[in-house]
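Please keep the sequence and the structure side by side as you read.

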Amino acid sequence: MKYAVFGASGRMGTQLAQVGRESGNVPAVGFYHKNQPKGYERISNSLDSYLVKSIDCLIDFSLPVAFKNHISFAVENNKPLVSGVTGIEETQIIELYQAAKTIPVLWSPNFSLGICLFKSFLAQCARLRNHFDFQIEEIHHTQKKDAPSGTAKYLQETLKKKLPPDYPLPEPIAIRGGGIIGEHSLRLFGKYETITIEHSARDRKLFALGALEVANWLITQQPGFYSMDDFFEKNL
Ligand SMILES: NC(=O)c1ccc[n+]([C@@H]2O[C@H](COP(=O)([O-])OP(=O)(O)OC[C@H]3O[C@@H](n4cnc5c(N)ncnc54)[C@H](OP(=O)(O)O)[C@@H]3O)[C@@H](O)[C@H]2O)c1
């Protein structure tokens with residue numbers, strides 16, 4: 001698969017070029033804002049349609065400020081879009097749904113299998129609501145722009161949907177420190193016992209490989225809005 005990346009000069013964009021080569025995919029185009037990316041066949045700081053003529057998928061790992069432009073570019077060029085951008089407003093997700101009328105779109109705040117499994121445990125956890133208090137917590141490196149993380153919000157929303165509407169679920173706790181790549185936990189505090197479900201990303205390759213795996217699948221799909229659940233349902 002040949003792909004182009006928005007945010008190619010960032011931490012994730014850099015990983016995407018590297019794991020792409022290692023996994024037999026072609027990092028064909030790296031789009032950037034100010035800093036020139038490495039590892040891409042071609043790079044550009046303007047969204048030039050000519051550059052993406054022969055690519056199979058667009059992958060967005062930039063920041064919310066460019067989210068709308070990147071969606072429009074994907075639609076204009078009729079290319080599938082995988083987006084991992086977090087910190088976006090709920091209204092911006094609607095833009096993805098609009099785009100999904102004409103192109104295949106998959107957005108996820110986390111491309112790891114572990115987080116997908118974590119999420120699937122939440123329905124069971126919610127059944128314990130009369131015996132335990134819940135708290136979601138996340139820890140990330142100090143350069144991370146959004147807090148709480150997109151993944152923490154996503155886990156929180158999923159858990160909320162499994163609980164009665166008036167259940168007093170506290171907001172996720174966000175901690176910033178050092179070079180932590182991404183840690184998420186749900187603690188269930190009972191009167192005499194505590195359960196902790198914890199996920200720890202040890203290498204950004206996890207997310208880059210996940211995004212490429214998803215992209216390879218997405219390019220075979222019809223236009224529509226897809227989630228990681230759709231992907232794992234068909235591929236696990
Ligand atoms: N879904 C997942 O699994 C997952 C995993 C990790 C991170 N993320 C998310 O992915 C995004 C990127 O993370 P990161 O750690 O790689 O961030 P980063 O290192 O700060 O990189 C941000 C990238 O966005 C580009 N950018 C900044 N302003 C821009 C603009 N106005 N127009 C176009 N591009 C612009 C930057 O380009 P310049 O360097 O040229 O300025 C850079 O390439 C974040 O939203 C993060 O939360 C998602």
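When the packing of two helices is described here, each axis is a line fitted to C-alpha atoms over the stretch in contact, and the angle between two axes runs from 0 to 180 degrees between the N-to-C directions. The model is a predicted one, and its chain holds seven helices and 11 strands. With a radius of gyration of 18 Å, close to the 18 Å that the globule rule gives for 236 residues, the chain is as compact as a globular protein of that length.

**The chain as a whole**

- Taken along the principal axes, the C-alpha atoms of the chain fill a box of roughly 60 × 40 × 30 Å.
- Of the 236 residues in the chain, 50% count as buried.
- If one looks at contacts between residues at least 6 apart in sequence, 69% of them join residues that are at least 24 apart.

**Helices α4 and α5**

- Helix α4, which covers residues 113-126, packs with helix α5, which covers residues 150-161, at an angle of about 30°, and their axes are 9 Å apart.
- Because angles under 35 degrees count as roughly parallel, α4 and α5 are described as roughly parallel to each other.
- The crossing of these two helices, α4 and α5, is right-handed.
- On the α4 side the contact is made by Ile 115, Phe 118, Lys 119, Leu 122 and Ala 126, while α5 contributes Thr 151, Tyr 154, Leu 155, Thr 158 and Leu 159.
- Sorted by class, this contact of α4 with α5 has seven nonpolar, two polar and one charged residues.
- Thr 158, found in helix α5, is buried, because its relative accessible area of 12% is under the 20% cut-off.
- Leaving out residues up to four places away in sequence, Thr 158 touches Lys 119 and Leu 122.
- Thr 158 and Ser 120 are 38 residues apart in sequence, and their C-alpha atoms are 9.1 Å apart in space.

- The axes of helix α1 (residues 11-22) and helix α6 (residues 205-218) come within 9 Å and cross at roughly 60°, and the crossing in which α1 passes α6 is right-handed.
- In this pair, Met 12, Gln 15, Leu 16, Gln 18, Val 19, Gly 20 and Glu 22 of α1 meet Lys 205, Phe 207, Ala 208, Leu 209, Ala 211 and Leu 212 of α6.
- By class, the contact of α1 with α6 has eight nonpolar, three polar and two charged residues.
- Met 12, which is found in helix α1, is buried with a relative accessible area of 13%.
- Apart from neighbours within four places in sequence, Met 12 is in contact with Phe 61, Arg 204, Phe 207 and Ala 208.
- Although Met 12 and Arg 204 are 192 residues apart in sequence, their C-alpha atoms are 6.9 Å apart in space.
- Helix α6 also meets helix α7 (residues 228-235), and the axes of α6 and α7 come within 11 Å and cross at roughly 75°, which makes α6 roughly perpendicular to α7.
- Glu 213, Val 214 and Trp 217 of α6 make this contact with Met 228, Asp 230, Phe 231, Lys 234 and Asn 235 of α7.
- By class, the contact of α6 with α7 has four nonpolar, one polar and three charged residues.

**Ala 201 in strand β10**

- Ala 201 lies in strand β10, which spans residues 194-201, and at 8% relative accessibility Ala 201 counts as buried.
- Not counting residues up to four places away in sequence, Ala 201 touches Ile 181, Gly 182, Leu 206 and Phe 207.
- Ala 201 and Ile 181 are 20 residues apart in sequence, while from C-alpha to C-alpha they are 6.0 Å apart in space.

**Two points of backbone geometry**

- Most residues other than glycine have a negative phi, and most peptide bonds are trans.
- The peptide bond from Ala 147 to Pro 148 is cis, with omega near -5°, and Pro 148 is placed in the loop between β7 (133-140) and α5.
- Asn 78, a residue other than glycine, has a positive phi, near 55°.
- Asn 78 lies in the loop between α2 (67-76) and β5 (81-83), and at 55% relative accessibility Asn 78 counts as exposed.

Terms used. Residues are numbered from 1 along each chain as its sequence is written. This is a predicted model: local features need pLDDT of at least 70, side-chain atom pairs count only at pLDDT 80 or more; totals for chains, interfaces and linings use all residues. Side-chain values use heavy atoms; hydrogens and water are left out. Helices (H or I, at least four residues) and strands (E, at least two) are DSSP runs, numbered from the N terminus. Buried means under 20% relative accessible area, exposed over 50%, partly exposed in between (1.4 Å probe, protein chains only). Contact means heavy atoms within 4.5 Å. Angles under 35 degrees count as roughly parallel, over 145 as roughly antiparallel, 65 to 115 as roughly perpendicular and the rest as oblique. A crossing is left-handed if the near helix is turned anticlockwise from the far one by less than a right angle, and right-handed if clockwise. Ala, Val, Leu, Ile, Met, Phe, Trp, Tyr, Cys and Pro count as nonpolar, Asp, Glu, Lys and Arg as charged, and the others, Gly among them, as polar. The radius of gyration is taken over C-alpha atoms; the globule rule is 2.2 Å times the number of residues to the power 0.38.
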